[in-house]
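Reader: I'd like a close look at one part of this model, the place where the two chains meet. Could you walk me through it?

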Amino acid sequence: METPSRTYIWVLRAAFLVSVLSFWEFSSGRLASEFFISSPSAIAVQFSRWVMSGTIFYHGAITLIEALGGFLLGGMIGMIFGVWLGRAELVAEVLDPFIMMFYSLPKVALAPLFVLWFGIGIDMKIYLAATIVFFLVFLNTYTGVRAVSREQVAILRLMGATEKHLLFKVVLPSAITWVFTGLRLSVPYALIGAIVGELIASNRGLGYLLANSAGQFDTTGVFAALIGIMIMAFFLNAAVKLLEAKAMPWRDLNSKREMSI
Amino acid sequence: MQAQSAAPDDDPRAPLISFSGIGKQFTVKGELLQAVENIDLDVYQGEILTLVGPSGCGKSTLLNICAGLYPATAGDVSYAGKPVEPYNPAVGYMTQSDHLLPWRDVAGNIAIPLEIKGLSKPEIKAQVEELMETVGLSGFGGSYPNQLSGGMRKRCALARLLAYDPETLLMDEPFAALDAMLRMRMQIEIRELCRRLNKTVMFVTHDLDEAVAIGDRCVVFTGRPGTIERVVDVPLAPDRNILHLRKDPDYRTITADLWDVLAPSITEDR
Ligand SMILES: Nc1ncnc2c1ncn2[C@@H]1O[C@H](COP(=O)(O)OP(=O)(O)OP(=O)(O)O)[C@@H](O)[C@H]1O
Ligand SMILES: [Mg+2]
């Protein structure tokens, strides 16, 4: 089967982007009011102004700290609980309905409560992001630990493996694919947590920049802030992908090797 | 039914592994399925016991019970005089499917039992190197299981089994995916190893020639539910030369006999 070359695909992508942007630029002020849709050129100008003044970096750094902090905190606790509950069947059985109940709650609904508890500083956003991330990572880790092949465990037990051997040689490595699925899913959610927190109560961060621009009816500023958020999400995703490839070399090979059945 | 024949040389020693009245039922979708029934079998220290029989007659089931993976639903199994409990640590089990760890490369997979034993890194490395040489996997230490052929995976599992040096080896069609040359080399290797270290082996195979070539005794099963049809003594010398067996008249008669024992089950299956 012929696959189109990478360069060709990139050319097509660039063409697509350019045509969308040109159409937007053209429509602005002609098909729709510039007040509502702004225009790519204006957004670019605004964005570069923020880059020059460092505004975007200042607010971006705040949001990054919140999202990353929440991601690490929630991810860590999620993994620990996931492994623990995955191994302790009785506790898992007892807690199951409560966890599912809490899981189905949209976590951003906790934001007002968190404001009451933790104030409107950076820590409140970290906790909010962490809560969201926790559940994703926890559930994935838990599933991963549960999905460990019983045959592989039995084989190692016959070799005289202790619980510790099993944990480090089978359970964790086999759960790691699931853990990473949880982590990758969590990246956008960590950002959601941070930004929702900022939208609700804050005077710093990309979410604040967004809300502030909207408050001044500055559509251009809103779009520029959105672009900042998009760029950050892109880099966070890429970082997790990179980490994933490092942590699971056999996975990497899996996708690159020739398929055989 | 007393299926077992006398051990080689009418050995008066107590058997190492003893199955008495073993039956195993599985529940499949609420229905009971009798996998094996009335198995009486003694396995003696230092012998290679081969198991042959039609597919689905319960050979793997018997090995699983012996390894303590699950209990029998009837009868008793004892190992060295004691009832078998979950995860019999005295046996090494090379299962029918290889169950290699996909996140470890070949060398890493072979190293697992050595790591469990607590050997040092250089010791592990040296032993793994030697084992890969034995099973003909030299140079593939860095490959992951999903990059290997079926036969190579089997050889990796075999090297892993040899790495941990258990008292008794349970082998479920270990050489099924090997080419003829390598298979013969491994047969010689296993016989040599068992004689040198006085290992006990239960060896499942579908190849009657192999069953005779490497076995001291051969257990023939019939199917549905699996029972022991006959236990055949293999009257070949313990230090037989597997390479030259083909011309051995005893070998030819005994394989012919085995075919006759199994032949009825061929016509039955029709
Ligand atoms: N875990 C299980 N659950 C349900 N039924 C099983 C299970 N294991 C085996 N059986 C059934 O028990 C019977 C014997 O299976 P077993 O795997 O022991 O056969 P076998 O002699 O090893 O066959 P083969 O030569 O094809 O490997 C089969 O009918 C099979 O369907
Ligand atoms: Mg089998």
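Author: First, a word on terms: two residues are in contact here when they have heavy atoms within 4.5 Å. Keep in mind that this is a predicted model. By that cut-off, 23 residues of chain B are in contact with 20 residues of chain A. Together the chains bury about 2000 Å², and 71% of that is on carbon and sulfur atoms. On the chain B side, B:Trp103, B:Ile116 and B:Asn146 stand out: they supply 35% of the area that chain B buries against chain A, more than any other three residues.

The rule finds one salt bridge across the interface. In a salt bridge, the side chain of B:Glu115 meets that of A:Lys169, with 2.7 Å from N to O.

Where does the chain B surface come from? Strand S6 (91–94) and helix H2 (106–117) of chain B each supply at least two residues of the side that touches chain A. H2(B) has the largest share, with four residues. Sorted by class, the side of chain B that touches chain A has 15 nonpolar, five polar and three charged residues.

Terms used
Residues numbered from 1 in each chain as written. Chains lettered and ligands numbered in written order. Predicted model: local features only at pLDDT ≥ 70, side-chain atom pairs only at ≥ 80, totals over all residues. Heavy atoms only, no water. Buried area = accessible area lost by both parts, 1.4 Å probe. Salt bridge = Lys/Arg side-chain N within 4 Å of Asp/Glu carboxyl O. Nonpolar A, V, L, I, M, F, W, Y, C, P; charged D, E, K, R; others polar.
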